[in-house]
Amino acid sequence: MLDYKKLLKDFVLYIVVEKGLSKNTVLAYRADILKFIAFAEKKQISLENCQHQDITDFLWTAKLDGFKPKSLYRLVESLRQFYKFLNYEDIIKNNPTLYLTSPKIPENLPSMLTFDEVMLLLNAVTDEDEVNVRNRAMLELLYATGLRVSELINLKFSNINLQDNFLRIIGKGSKERLIPFGEKARSFINIYLLKRKPYASHEDNIFISRLGKKLSRVEFWRQLKNIVKKAGINKNITPHTLRHSFATHLLAGGADIRFVQEMLGHASIATTQIYTHLDKDKIIQQHKIFHPRG
């Protein structure tokens with residue numbers, strides 16, 4: 001009989017080393033496989049004799065338990081990777097996931113800001129104390145580079161080249177990418193560095209709290225909410241909104257989608273393509289104005 005505990009441990013090692021998956025993805029896959037093993041044991045199904053119908057029953061049970069399409073999609077991917085690993089290691093010959101179809105995920109277009117709204121947001125930070133100057137520098141850099149908020153708050157001096165205006169980021173799956181940024185962002189970063197506390201306990205982190213400690217994403221989100229309110233923007237804005245706006249505005253301006261994909265750190269161009277859909281209202285409007293039979 002297979003040692004499921006050891007199998008799971010080996011599978012986790014496989015998706016970390018061979019697949020280079022992020023920590024959160026690894027934890028999610030592990031939790032999914034634990035659910036499946038518990039289901040199989042309850043139904044007295046062995047992994048080596050598991051059939052396509054058994055997998056389907058497991059997914060149907062998960063759906064009845066309230067799993068949403070995105071969670072079901074991940075369950076399917078977790079099972080595929082698990083059985084791929086079992087086949088790769090010659091632990092079993094059967095692969096019941098071979099003809100599984102992934103549930104369709106409803107397309108949720110990300111929220112974004114217009115260019116004018118971005119300017120309103122940035123210009124709402126007018127005070128010149130250390131915290132406000134830091135906030136302006138962070139917002140400028142977010143919009144200039146499309147960084148994830150975790151990448152922004154963990155940004156170190158070793159990641160940034162202020163002479164040539166580019167960042168070196170190690171993102172999801174330990175993938176490295178180089179991202180350029182403009183003079184505006186550099187200018188505000190330099191202004192902040194003049195005000196930044198020299199006695200910071202996290203001296204290698206660029207952006208720190210007023211106490212000189214590492215800035216948390218919750219604190220930055222709280223600061224952002226206050227700035228949004230001050231700017232008078234009636235939208236639900238998160239740090240990720242500026243990432244979406246960065247990508248959308250670049251593509252709308254004619255940037256090559258593969259360059260945008262590289263700067264965002266997307267593994268698949270399909271993820272980047274969602275930003276090409278956001279201007280559909282503008283396209284319809286332009287068609288009505290300029291097409292002879294619009």
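Mentor: Let us begin with Ile55, which lies in helix H3, spanning residues 52–64. Please bear in mind that this is a predicted model.

Trainee: Is Ile55 buried or exposed?

Mentor: Burial is judged from relative accessible area, with under 20% as the cut-off. Ile55 has a relative accessible area of 0%, so it is buried.

Trainee: Which residues does Ile55 touch, leaving aside those up to four places away in sequence?

Mentor: Its partners are Phe36, Cys50, Leu79, Tyr83, Pro96, Thr97 and Leu100. Of these, Leu100 is 45 residues from Ile55 along the chain, with 8.6 Å between the two C-alpha atoms.

Trainee: Which residues form the largest nonpolar core, and where does Ile55 belong?

Mentor: The largest nonpolar core has 47 residues, and Leu121, Leu139, Leu141 and Phe207 touch the most other members. Elements giving two or more residues to this core include helix H5 (115–123), helix H6 (130–145) and strand E2 (166–170). Helix H6 provides the largest share, 7 residues. Ile55 belongs to a second, separate core of 31 residues, which also includes Phe39, Tyr83 and Phe85.

Trainee: What does Leu139 touch, again not counting residues up to four places away in sequence?

Mentor: Leu139 touches Leu121, Leu122, Val125, Phe220, Leu224, Ile227 and Leu242.

Trainee: How many residues of the whole chain count as buried, as a percentage?

Mentor: The figure is 43% of the 294 residues. The chain has 13 helices and 3 strands. Among contacts between residues at least 6 apart in sequence, 61% join residues at least 24 apart.

Definitions and conventions
Residues are numbered from 1 along each chain as its sequence is written. This is a predicted model: local features need pLDDT of at least 70, side-chain atom pairs count only at pLDDT 80 or more; totals for chains, interfaces and linings use all residues. Side-chain values use heavy atoms; hydrogens and water are left out. Helices (H or I, at least four residues) and strands (E, at least two) are DSSP runs, numbered from the N terminus. Buried means under 20% relative accessible area, exposed over 50%, partly exposed in between (1.4 Å probe, protein chains only). Contact means heavy atoms within 4.5 Å. A nonpolar core is a set of buried Ala, Val, Leu, Ile, Met, Phe, Trp, Tyr and Cys residues joined through side-chain atoms within 4.5 Å.
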